[in-house]
Each structure stands twice: as structure tokens, then as C-alpha cells.
Amino acid sequence: MKKRITAPREVLHELQQDYFICTKCKICQGVHVQYCPESRFWRNCPSGTRFRWDAYYASGKMEIARGLHINEIEPTDSMQHILYTCMLCSSCQEQCYEVKQLHPTRVFELMREKAVREGWGPMPEHAALAESLEANDNPFGADKKKRGDWAKGLALKSLPAESAEVLFYAGDAYTSDPALAHAVRAAAQVLLEAGLDVGTLGAAEISDGSLMLILGDRDFFESYAAENIETFNSLGVKMIVTPDTHAAWVFKEEYARELDPDIKVLHVSQLFSRLLKKGQLAPEKEVPLKAVYHDPCKLGRRFDIYDPPRRVLEAILGLELMEFPRATFNSLCCGGGGGVRYAFPDYALATAKERLFEAEWTGAEAIITSCPYCVQMFNQAVEAAGSKMKVYDLAEVLLASLGKEV
Amino acid sequence: MWTKDIAKDIKERRISGIIFQHEAEPLHNKPEDVARAKEMLAEALGEAWVTDDPVILIGYSRDQGPLPSQYPHLVVMPETTEDVAEVYRIANECKVDVIPMGTGLNTMGLHIPMYGGIIMDLRRMDKVLEVDGENCYMVVQPGVNYLVAQVEAQKVKCRVLNPSTAATAGVISNHAFCNINTLASKYGFGIDNIVDMTMVMPDGTILKTGPAAYGAVKAHVPGPGPDMASLFRYAFGQLGTVTEMTLRIYPEAEHIYSIFPAYEKDDLECVIDVLYKVANENLTLELAHMQNSFFGIFVGENNKQASALAGSFPRNNLFSIFAGTSMEEAMLKAEIFQKVILDIDPEWEFLPAEAMEDLVGDLRSVNLERWQKFFNVTVRVMRVRGSFLIGALIGHLDNFLEAERKMRVETSDQAGHTDDNLPPDDASTYLQPYHMGRSAYMEYDLYSNQGDKDDNMRMFMTYMRAMMAGILGEGLLLACGAIPLNKGMALPLPEGMPSLDDLLSLVMPNAAAFMDTMVAFKMAVDPNNIAARRWDYETGLCKKLSI
């Protein structure tokens, strides 16, 4: 039986007060200044900083939304460029909501949905992602039969054949990029070390659809949401945990409307922190490292998950936790947000390199983060810049501190 | 498909999309001239920095003021003083208007292209060129905002005079306009703290003022010799564009201590006595007076919270910070300050610093430890209620009482009254003592609910009435409000009705005569009237208020 899965849709014009009220105060361009010690790092809007015209900042895009609303302007290639070079990092909303209670990022998300509905979005370069999703249930071209290969050799239960309390959802990036296999195995292994009853869907796991939602294709996203929700509700699990920040985002924000209310959804960093607090994990091995923690946008600004990963890193012996000048709610996007990297790889890489520069400025030896897309972007930046900076997933560092190897 | 026709029908209901022809028979900004200017500008600045794409232009079409959107014809981004000169040279040749824009935080239409033309976005010129902590000055470009300036000044243990606006406000435009700041009773406004300027005149000539003019060593004070910088105060781009400014910075206090005096009585006379005495004795580093609704709207996250907070705050509040080479010294000054206040009226109370921390501690935009350095937010721009503000420089603090009384008559029971703690007809004042209390800046704020068009309109009409009352008050010089007068009112004025210029001549004859001189100056330096054109030389309508 067919069933509506997500809640009734929000459409752009419902946020008209936001874009009509926007007063162009321009605080959306930067960071919360009281918490930024260096003027070099005050700007925080990747697209505005790169393309300079006001239309690329949130204030300009809000004005474009207003212009579209009253048919003052019509969609053009440049409007498409402006909309799809936004990394949807929410830095603008972080600033604006605090003082003005407007929702610029939400406006841009709904502008993308409008663009897709009207046929002028996303970018042509994004077509391959949707095609791959149709063919492989994964936007990155990975073979669907091999989706569960990352877990080979781990003592994870196989759902739904077996039952488990925790569903470990690996996500699109971790299951398609061999370079990330180490990190996702580490995340699962940490949970096993804590004695949790964890299972995966293996090759039966399908995309969470988040990338399509990011690009504005809500219909396509909902088809994945519908199937996943039905699967998750039928598994009898008490918790879904994922190392994929984008999956965590849609599970918490979109799926939760129809997901069995008894199922908790957590990002691994939240669960790691809880397990440490309960004493189920005991990091005893020193990890001598001077590291900065990078807050993924979809974890930090979207869900205020700033403390859990820091609690994890603080529990690791020998690790000196440093902070970016743009930290927590001031964090700069890694360049991997908004699906930008698939259409504008140079610009995405330049943003990642800016973040890498910032990490080097602190004197850190390593960047630690807890998002596969951030890890990919930083690895690219390190290679392109010839930097000696190391890049780790949070789970990898935690597993090392437990004295275990993948 | 009939559904497709609906969308088409809706679009066709519009008479036009973007209005690119702003005048019936334009002498400036003719399509063929704009096209020629675009080509020449692209050659001069590079194609990447010149655009006429409507999707880019729309970002420059509105600000927080009440004006409807007005598109420029072109936007350009120069990088150097020479680039700016080139823009003016081409604009003169093609007769296209030029409106400079600093960092883009704007009030009341100052960079909105009323007749179209070129918006000159100066945000590529965003460097702090020099900071000298020993001689206490800083050289900045127009794209530098107060955040950047402040952080750079702090590196040499100094601070800039940052106004109570968002940290993204531009330093040059704000200093050249006025820059009302909480240190004004000690150090004056920003406008008093300009050492020299490099500017491009409307004909493309590069002019240096102050020490920069004759290659003298820069220092904390301007001079020696004559200084033309004052001529360009409050010019809003009508006399050219400042591309470099040397401004004074001040040593950061080693220790600071804050207290928050509060006075429940609605007795402004007593408040004035206190402010005058305190400013005159030079006790505080920072000093300002704010009324309750100011705080309510500053801190409250929504209208309901703002009302509740306005109700819980005393009617009158002083913002006072004391500095010393030791904490004891700063606290001693605060103690003397308290005595002075209590001598005037023992009913003054003092809110503990912790109470303020409880109130705003959860807000990321407020950091009490650095409050004195950063006003990241401004009440009138940011909160759920916007405001129509009337700013006025007061000849003497006492004059404030008369001005405020007259303005309040025009507000109370005129804009609608409710039982709310923030009724529409209640205005809030902000008073900034200046030069040890010899004069002051007054802000008279009317708050409207930004989501309510009717409320906005009601407030706008009230604002107009109160502003006129302010102009007519003795000892007042209007500091802002001219732009909505120019464009917000229906023009041309009906036949027989005195123009605003005529009105100014009647109420402020001396100022009107001075403005005649400024008008002549403007016409001399900008013969083609291309620099931020707000009036035509031929009609002269509203020219004085525009200047």
C-alpha cells in the first residue's frame, strides 16, 4: 500500500516574511565576532567570499527569493549558479536567527525545491548523481551488491535475518569510498568494544536520499525515505546510529516524523560520548596528537552537537585538543556542503584549502572530524596543498585510544 | 496544460519586472550610455568586476529602509584608488550616476540607486593598511568593517571607536557620517577622530586631506596646517568616495569595571542631571542612557519576550564602564560615580553585573566580557521589532528635555495604545553624552512589528510627525531622516505647498544659508551631477536636505 511518508511540505512562499523582512544588515557574512580572535577569519560565507557580489551572500539570495516571489526577476543561469554555489552550511542562519529570528538557509533549501519543481535546478553536473542513485541506490556509482563489504570480518549482526538492539547505518559515502572504509569499520568496532548489540543491513542498505534533498529534489528523496522508514520500523531495533552526518540529519529531521517513536536516532559522536560517560568505553592508550576538531555543519549548526565529539576527544590521553578560530557555531564549511563539490569542484576545494590553512594557523598536526564528506574534502585539500596535516575520523582516533586496530 | 497557464497568467499580471528607466526623460543613465559605460568599465576593471546581470543587481536594490526596490544599471567592484578614479572618469564621460557602497550595511536608502546608475561596491578594498599602536592611528580602506578594525587594533593593545551598530558596519562610511559611540563623552564621535583621508572626487581627481596631503608623518592628531577633511562629512558619496582613511585609535584600558545604574521614575530631568555631572567629571570610560524598551527589544527573542523584558526593566538605565590601571582604580571610580548619582536622587538603584549576565548570558551575540569592545548587534536593525529612529545632535544636554517632550507629544496617543509593555505609542530614547556632556546625541526610537505592514505604516507616519517636531525644537540639528523625506514622500510637492528646502530656511535660517554654500560646492566639484545624485541641479528640489 502506498503511503505518504514525510509531513506536509513547506513551500517557499510560506517563508515570505523572512525574505521580505531581511534588512541587509550583512551579519550573515561573518562569524559571531566575540568568539573570533583573528580578523583574517571573520568571513564565513563560502560563496560570498568566493564570488564577492552581494547576491552570493545570504542577504542577496533573500532578495532573489523576494524577486522571484513577486515575479520581479526570472530564473536565469546566473540565478542557478548563485543557488547551487551555496553550501547550505547554515552559517548565515546561525547569525541571523540569533538576532533576527529569520531562516535564510531554510529559504535557500526551499528555493532549490522550487528550482527543481520548475525545471531550472539542480546543475547539469548533478544529473550523474541522480542517475547513479536510480541504478545503484547510491549516488556515487558504487555497486549496490558491494554496499555491505566494508563490514567483512566484523562481528556485526546481519539484519533483518538476525535481530539486534542497534542498527548501524553506514551511509552512502562510507560504503562507496574505499578510502573511508577504515573509518567506518572503526566506528562499528568501537560500538562492539562497548558491548553493544549492533547489526547492519549489509547489501540491503540503501541510500538515505539526503543528497537529493540537498539538491532540492524532494520527491526523489521521499521515495528513499519511504522505503527506509518501512524497513527501519520493521527491524525491531531500539536505536539507529550512523557515522554519516547527512544521514543523521535526514533521520532526525525528516524520517523522525514517521519513524517509530521508540527508535532513537543518534550520530556516532553522540553515542561515543554517552558510552564514555557510562564507562562502557575506557580509552587507556595514549594518542599523542595536537589536533583541531572540525564541526560538520549538519551536526553542529543543525543540531547543536558541539560538545559530544569534544568530550570524546578530551577523554583521549595524550591528545591536545585545539580549536579553530572559527569553531563550533562559527565553523567554516569544509567545502563539501550543499552538493557544491559535484558541480564546482575547484571552488569546493578552495574552501577546503581555506579551512586547512586555518588549521595550520592554529599549529595543529591533525584535523579530526566526524563526517565522511569533511574527511574527503580535507584529504583532497591536503593533497592539493602538499600539506603535512593529518586528517582523521573521530572514530579512528577513539579506536586507537582503546588500543585496538581495525 | 491549463495549470501552466495559471503560472503564465500570474506573471503577466505584472506591469513590468525590473524598472530600469527611473525617469521619464533621463539626462543621465540613458540605455546607450550605460552600455558604453559597461564596455569601458570592463576594460578598466576587468570583465569579472562589472555586471548588469539582474540577478546580481537585485542584491543592491533594497536596504532596511522603507523604500521600494530600486535597481542600479551596473555594479562594479574596484580594487584600488586608481580604479575608483577610473570609474568616476568613465561615469562622467557617459553621464551615468555613481553610488558608492562600503560594506553594505545601510540605513535609509543611502546606497539605493534612486535614479539607477552604477553601484560601486567597495568590498574588494578591505585591507587595514597600517596600524600604529604607539602613535595610536590606523589606516583603513572602505571595505573594512568594525570587526576587522577592532581585532587589528587589539593586536597593538588599542581599540577603535566602534559605534552601537553591527560589527559588519563599514569603518570609513560610519566615521565620515558621524559614528555615535559609547566613548563619545571622552573621545568624541568618529567624525572627530579622522586624521586624514584619500578620496576620489566626482571628476576622478584624487584628493588627499590632512597629513596625507603634504606627506607629513602620520600621528594621533591631524595637522599641521589646514585640513579639508571636514568638507566631506555627512556627504554620503555626493562629493566623491573616500578610499583610505587614517583614524585615531585609543589604548585599551588595562582593567574595566561595569555597573548598571537604573532609575524607575519617568523623570528625564534627573537623568540629564546625572549624565551631565558624570560626563563633566569625566568619570566613565563609556557612558550612555537607554530606556527600558531599548533593552527589551535588544534581548527579547520575540515580541512577547521583548514586552516582558521591557516591563521588567526600570524605565531609565545607564550603561557605564570604568577604566583603570588596576581593578581597584576602576572600582573606585564606580564608587564615586554611585555617590554622585545618589546625591542627585537617592532613588537610583544599581543592577548587579550578575543580573545582566543572567539576562543575556545565553545569547551568542552578546558577550559581556567583551561587550565594551563589540556591539555585534544593533537594536533597531536586528530584533523582531524594527524601529524608525530619529537621530539628533543636541546643542546641550538640557535641550534634550524640550526636544523629547515635543516629540513625545507627537507620539503618545497618536500611534495607537495598547496595554502591552511596549505599546505602539511609546518611544524609547537613547542619549549619548558628547564632549564631557557639553552636547549630546539623541536617538528617539519608535518600534514597529516588522512582520506587520500596517504597524510599519502607522509607525512611519508617527515618525514623520515626531521628526518634524524635532526639527522645530530649538537647538536641534537633524542628523538623519532626510532620505525617506526625499523619496518616501510623494514628489513633486503639490503646487503652492512650500518645499522642504523652504521649510528649512524658515526654521533654521543659519543652517539653510550654510547649506547654500555646500550646494554651490557640490555643483562645483561635480559639474555633471553624477556622484550619488539625489536631486537635479535644474529643479533644486530638496537639495539642502539631500546635502
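Visitor: How are contacts in chain B between residues at least 6 apart in sequence to be read, and what share of them join residues at least 24 apart?

Guide: Two residues are in contact if their C-beta atoms, placed from the backbone, lie within 7 Å. In chain B, 69% of the contacts between residues at least 6 apart in sequence join residues at least 24 apart. For chain A, residues 24 or more positions apart account for 78% of the contacts with a separation of 6 or more. This is a predicted model, in which local features need pLDDT of at least 70 and side-chain atom pairs count only at pLDDT 80 or more, while totals for chains, interfaces and linings use all residues. Residues are numbered from 1 along each chain as its sequence is written, and chains are lettered from A and ligands numbered from 1 in the order in which they are written.

Visitor: How many helices and strands are there in chain B, and how many does chain A have?

Guide: Helices (H or I, at least four residues) and strands (E, at least two) are DSSP runs, numbered from the N terminus. On that basis chain B has 20 helices and 19 strands, and chain A has 19 helices and nine strands.

Visitor: What radius of gyration does chain A have, and what would a compact globule have?

Guide: The radius of gyration is taken over C-alpha atoms, and the globule rule is 2.2 Å times the number of residues to the power 0.38. For the 406 residues of chain A, a compact globule would have a radius of gyration near 22 Å, and the 21 Å of chain A agrees with this. The C-alpha trace of chain A spans about 60 × 55 × 35 Å along its principal axes.

Visitor: What percentage of the residues of chain A count as buried, and which residues of helix α4 of chain A are buried?

Guide: A residue is buried if 20 or more other C-beta atoms lie within 10 Å of its own, exposed if 12 or fewer, and partly exposed in between, with C-beta atoms placed from the backbone. Of the 406 residues of chain A, 58% count as buried, and of the 547 residues of chain B, 51% do. In α4 (residues 77–84) of chain A, the residues M79(A), I82(A), L83(A) and Y84(A) are buried. Their cover includes α3 (58–69), α6 (104–118) and α16 (340–343) of chain A, together with α3 of chain B.

Visitor: At what angle do helix α13 and helix α15 of chain A cross?

Guide: Axes are lines fitted to C-alpha atoms, for helices over the stretch in contact, and angles run from 0 to 180 degrees between N-to-C directions. The axes of α13 (residues 268–278) and α15 (residues 307–314) of chain A come within 8 Å and cross at roughly 50 degrees. Angles under 35 degrees count as roughly parallel, over 145 as roughly antiparallel, 65 to 115 as roughly perpendicular and the rest as oblique, and α13(A) and α15(A) are therefore oblique to each other. Where they meet, S269(A), Q270(A), F272(A), S273(A) and L276(A) of α13(A) touch P308(A), P309(A), R311(A) and V312(A) of α15(A). The residues of this contact divide into five nonpolar, three polar and one charged; Ala, Val, Leu, Ile, Met, Phe, Trp, Tyr, Cys and Pro count as nonpolar, Asp, Glu, Lys and Arg as charged, and the others, Gly among them, as polar.

Visitor: How many residues does the contact take from chain B and from chain A?

Guide: The contact takes 49 residues from chain B and 36 residues from chain A. On the side of chain B that touches chain A, the largest share, four residues, comes from α5(B). By class, that side of chain B has 21 nonpolar, 15 polar and 13 charged residues.

Visitor: Which peptide bonds are cis, and where is a positive phi found in a residue that is not a glycine?

Guide: Most residues other than glycine have a negative phi, and most peptide bonds are trans. A cis peptide bond joins G121(A) and P122(A), with omega about -5 degrees, and P122(A) lies in the loop between α6 and α7 (127–136) of chain A. The bond from L159(A) to P160(A) is also cis, with omega near 5 degrees. N282(B), which is not a glycine, has a positive phi of about 55 degrees, and N282(B) is partly exposed, with 13 other C-beta atoms within 10 Å. A532(B), again not a glycine, has a positive phi of about 45 degrees, and A532(B) counts as buried, with 25 C-beta neighbours inside 10 Å.
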